[in-house]
There are 2 protein chains.
Amino acid sequence: MSEHVQRFSSIAEELNPEIYQHKLYPKHLVQIVSDDQVIHGWRAEQLQASDELSNLVLGKGEEVILDFGDHTVGRLSLHIKPVGSPPDAPLYLKVTFGEMPVEMAVPFSEYEGWLSRSWLQEEAYHVDVLPAVLHMERRYSFRYVKLQVIDTSVKYKVSFEQVYCTAVTSADQSQLQPLEHEDPELMAIDAVSIKTLEDCMQEVFEDGPKRDRRLWLGDLRLQALANYETFKNNGLVKRCLYLFAAFPNDKGLITANLFMKPVIIPDDTYLFDYSLIFVATLHDYYQATGDLKTLQELWPTAYRQIELSLEKLDERSVLQDENTWWSFIDWHQELNKQTASQAVLIYNMKLGLVLAECLGDQKQDLLRAQMDKIQSASLEHLWSDELGFFVSGREEQVSCASQIWMVLAGVVENEKAKDLLLRMLDEKSALPLTTPYMVHHLIEALIQVGERERAVGEMKSYWGSMIKDGADTFWELYDPNNKNFSPYGSYLINSYCHAWSCTPTYFIRKYEL
Amino acid sequence: MSEHVQRFSSIAEELNPEIYQHKLYPKHLVQIVSDDQVIHGWRAEQLQASDELSNLVLGKGEEVILDFGDHTVGRLSLHIKPVGSPPDAPLYLKVTFGEMPVEMAVPFSEYEGWLSRSWLQEEAYHVDVLPAVLHMERRYSFRYVKLQVIDTSVKYKVSFEQVYCTAVTSADQSQLQPLEHEDPELMAIDAVSIKTLEDCMQEVFEDGPKRDRRLWLGDLRLQALANYETFKNNGLVKRCLYLFAAFPNDKGLITANLFMKPVIIPDDTYLFDYSLIFVATLHDYYQATGDLKTLQELWPTAYRQIELSLEKLDERSVLQDENTWWSFIDWHQELNKQTASQAVLIYNMKLGLVLAECLGDQKQDLLRAQMDKIQSASLEHLWSDELGFFVSGREEQVSCASQIWMVLAGVVENEKAKDLLLRMLDEKSALPLTTPYMVHHLIEALIQVGERERAVGEMKSYWGSMIKDGADTFWELYDPNNKNFSPYGSYLINSYCHAWSCTPTYFIRKYEL
């Protein structure tokens, strides 16, 4: 086991990506104004071009907000010049970063969400010697920067000059093919998708550069799909696969996410669907690269996720439901995960079967047999003839997630699958979707049943609306009917550049939508 | 002039002192309790020995206060260990330093004084990777340290280990002679004086290591006097004299203080008494060292301060009063500075005369003649027969400062001087003293008139009371009758280790009190 960890880790280590750096400069000085008509109620209004910045002189209690014009991820540098008498007290400076105008407007002291407030992007500095050049150590994810002079002294003020961000990414722009498309809305959606992916591509595929800055399996799979169509950093996907494979628990189960520093540590969060999605991620990687060696080496890890999942079936071959946070699927607080998770199992068994066939693995017969049994059980126990939908849990909940995953798993197919999805969309009675992650799977399912136009329509009405609402990169969470939605108790802590939201470019380019 | 600046600066640069470093560890964990009976109303109460610290586990909103057992100046280091699941969010940590318990108790957000809040000693850190070793960059002046966990996440907490301060000073302990004295109170006052001096001795003689961390001439003179009796770092005094001499204004006037970084800049604050005290400081240095070369080189600078001061005399040979902050003398808000400043001029002329005699400078005759004229004018115009005191300003204010400086200047001598001082002390009608700087001059004057016992009594009732009130080092400001006194609008910003308060050791050792 230890040898295994070492070998997989060292393969991952060798694939540590080159980080591309480039300097970005603020475009404008802005003020944030209250506006009922925009998301969160705050809008950035341009005041001056950013080259006016060095003419501003700020004293105690004064502030300036810089707009970089687009989302960026990197480290901020700035020059600070004293104005007046020699500084007879340190400068006390607060720097606040925001992906969205609301982060510039609402004081973080008002934050009462249940994720750590340490994610809110702010720093305070005491600068003893002026003039000074401040190279901030931490990486931030932002479009806006607020510089607040908490105090100087009565004898001097300060000016800021040469403010720039050293942007970082492991995405190689030269790999990117320009998109030729007659629909400008799809062009825009494609561009924002790619920017989202770029800003999440760091030493690993991160879920979000603002929060959690971590390698999650569910996000990885979707990022990898977008990556094959854009930046083609296939080594980074391979690296992430090896990282997950290097650190299973003592049963061989793969964690939902990995911590990279100070040493690689698998999180103690295990999610049924995320562990299984390792199979799909390996499948996609092999399809994209034909890298048989990696497939051979990681196939036992992938197969082990299926084996362990099968242990959770009851005597009817139906997944045992749990009250804990055992499977992710989506962020809807009332979502029952049983049926969608059953479908995720079948879905990954199908992709696993493809891999077993490629490898000539004799497990394929066993897989096929078990799959048939579970599919039948799903139709027998999780389908409601009365309701005409798949149902989930003791209370027979009808959710969109269950229908979508059952279609993706092929438990229903062809016209029946198409009818199911369209009826679900039209009736709007099923428990809705809350994350781009789950909307991705809806689009994939619509394309699978041949509903390309409907897929484009749904994509526009979701990701297109996000752009209309001001997205420079696609958001972790978006509910067009409840734009202040946050599963964390505050939209201040939402991530506004999030990996699992980057897949429209994959759909547009892969399926030539 | 530029050559002159270069030569003096390079002599000062060569005398840049060795900085001695030693590690200090906290002694106790304490809590700060409200107590009407103590200064500021807050007292530190011991909870546990500090080796219990690493057993404490702190989550969101929890804090611990460390007591180092004595005042120290240096940089804090600490190890931070996560406890629980792998940290899935940064640690947001606030560190607050205090010389006094009140700085641990009263939130700095309540500060509304008129000096910059940037002097309040606090830092906030986002620590992305745990475990971590935090070596704080800035130097702090403190006895107490509060570690506040603003947030971790629900999945982990933190423990602190190996907290220590790398204390820094240019005071060489090996130069210090132990004091043998039968009076334990004087032993204690001597020890606290020396600690005060030690903590203010850095790359220059600083006024206070918490605030302003700067080389002020008035403070320098008193520190130098204490230094000759204790650490004997005469090179540091020489360095500071050359620094002041290197940067006069275009008339040759010496600034009240110097900024050392990023380059040496003379402050645009000029104080009548401080500029003149360069003469006294050079005098004391020559007396202590016999360094004739330095005397020869700096004498023109010293003499120039006298020349420029003489220009401020009116036709009666009395200093013209001003409404601005033209002379320091003391912090009492109502103090008129005219008469005390006139005495400071005479005092420095007398010491200048000693130097001119040593050098055989022909200016001595001129100096002697002018001095006699100004002394006579002082008695004629600034002495009130009716009141029996020196008076100052248009409103003929009677202040202690005026009497003390006139005695030090020898304008009144012998029994008359003694009577004046004792009457002033007994009647208590004169405007009182507010700073240890001015109380120093009272003690010096009492010794000068032969009142050694009264001098000891006054020293005990001032510096001894400070110790009873909890001083580990002597304070910038102390009014036994108004212990919350601050000339800055808040005692949070007062300096509790201040150069001009360190002189009891000079009196005790120099005069063998």
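Does A:Asp314 count as buried or exposed, and at what relative accessibility? A:Asp314 counts as buried because its relative accessibility is 17%, and the cut-off for buried is under 20%. Its salt-bridge partner is A:Arg316, with the closest N and O atoms 2.9 Å apart. A:Arg316 counts as partly exposed, at 37% relative accessibility.

**Confidence**

The structure is a predicted model. The mean pLDDT of chain A is 97, and 100% of the residues of chain A reach 70 or more. For the complex, the predictor gives an ipTM of 0.95 and a pTM of 0.95.

**The interface of chains A and B**

Chain A contributes 39 residues to the contact, and chain B contributes 39 residues. The area buried between chain A and chain B is about 2,900 Å², with carbon and sulfur atoms giving 53% of that area. A:Pro86, A:Ser118 and A:His126 supply 18% of the area that chain A buries against chain B, more than any other three residues.

Polar and charged pairs also occur across this interface: the rule finds 26 residue pairs in polar contact and 8 salt bridges. On the side of chain A that touches chain B, at least two residues each come from strand S5 (91–98), strand S6 (122–127), strand S8 (140–151) and strand S12 (265–266) of chain A. S6(A) gives the most to that side, with 4 residues.

**Salt bridges**

Over all chains, a search of the whole structure finds 71 salt bridges. Side chains of opposite charge can pair when their charged atoms come close.

| Salt bridge | N to O distance |
|---|---|
| A:Arg138 and B:Asp128 | 2.6 Å |
| A:Arg316 and A:Asp314 | 2.9 Å |
| B:Lys195 and B:Glu198 | 3.8 Å |

B:Asp128 forms a salt bridge with A:Arg138, their closest N and O atoms being 2.6 Å apart. This pair crosses between chains: B:Asp128 is in the loop between strand S6 (122–127) and strand S7 (132–135) of chain B, while A:Arg138 is in the loop between strand S7 (132–135) and S8 of chain A. A:Arg138 is buried, with a relative accessible area of 9%, whereas B:Asp128 counts as partly exposed at 38% relative accessibility.

The side chains of B:Lys195 and B:Glu198 meet in a salt bridge within chain B. These two residues are 3 residues apart in helix H3 (residues 184–200) of chain B, so about one helical turn separates them. Both B:Lys195 and B:Glu198 are buried. Elsewhere, salt bridges that share partners join A:Glu123, A:Arg138, A:Arg213 and B:Asp128 into one network.

**Helix H3 of chain A**

Helix H3 of chain A covers residues 184–200; at 1.5 Å a residue, its 17 residues should span 24 Å, and its end C-alpha atoms are 24 Å apart, which agrees. A:Asp183 caps the N-terminal end of H3(A), with a side-chain oxygen 2.8 Å from the backbone nitrogen of A:Glu185.

Of the 17 residues of H3(A), 12 are buried, so the helix is largely enclosed by the rest of the structure. Among the buried residues are A:Leu186, A:Ile189, A:Val192, A:Lys195 and A:Glu198. What do the buried residues of H3(A) pack against? They pack against strand S1 (20–24), strand S4 (63–84), strand S9 (156–169), helix H4 (217–229), helix H13 (452–468) and helix H14 (504–510) of chain A.

A:Gln403 lies in helix H10 (residues 400–408) of chain A. At 0% relative accessibility, A:Gln403 counts as buried. Leaving aside neighbours within four places in sequence, A:Gln403 is in contact with A:Phe389, A:Phe390, A:Val398, A:Leu420 and A:Met424.

**Backbone exceptions**

Most residues other than glycine have a negative phi, and most peptide bonds are trans. A cis peptide bond joins A:Lys261 and A:Pro262, with omega about 0°. A:Pro262 is in the loop between strand S11 (257–259) and S12 of chain A. The peptide bond from B:Leu130 to B:Pro131 is also cis, with omega near 0°, and B:Pro131 is in the loop between S6 and S7 of chain B.

A:Lys232 is not a glycine but has a positive phi of about 50°. A:Lys232 sits in the loop between H4 and helix H5 (234–246) of chain A and is partly exposed, with a relative accessible area of 36%. In chain B, phi of B:Lys232 is near 50°, again a positive value. B:Lys232 is found in the loop between helix H4 (217–229) and helix H5 (234–246) of chain B, and counts as partly exposed at 35% relative accessibility.

Technical notes. Residues are numbered from 1 along each chain as its sequence is written. Chains are lettered from A and ligands numbered from 1 in the order in which they are written. This is a predicted model: local features need pLDDT of at least 70, side-chain atom pairs count only at pLDDT 80 or more; totals for chains, interfaces and linings use all residues. Side-chain values use heavy atoms; hydrogens and water are left out. pLDDT is the predictor's confidence in each residue, from 0 to 100. The expected span of a helix is 1.5 Å times one less than its number of residues. Buried means under 20% relative accessible area, exposed over 50%, partly exposed in between (1.4 Å probe, protein chains only). Contact means heavy atoms within 4.5 Å. A polar contact is a pair of N or O atoms within 3.5 Å; within protein, one must be able to donate a hydrogen and the other to accept it, and residues adjacent in sequence count only if both atoms are side-chain atoms. Buried area is the accessible area (1.4 Å probe) that two parts lose on being put together, summed over both. A salt bridge is a side-chain nitrogen of Lys or Arg within 4 Å of a carboxyl oxygen of Asp or Glu.
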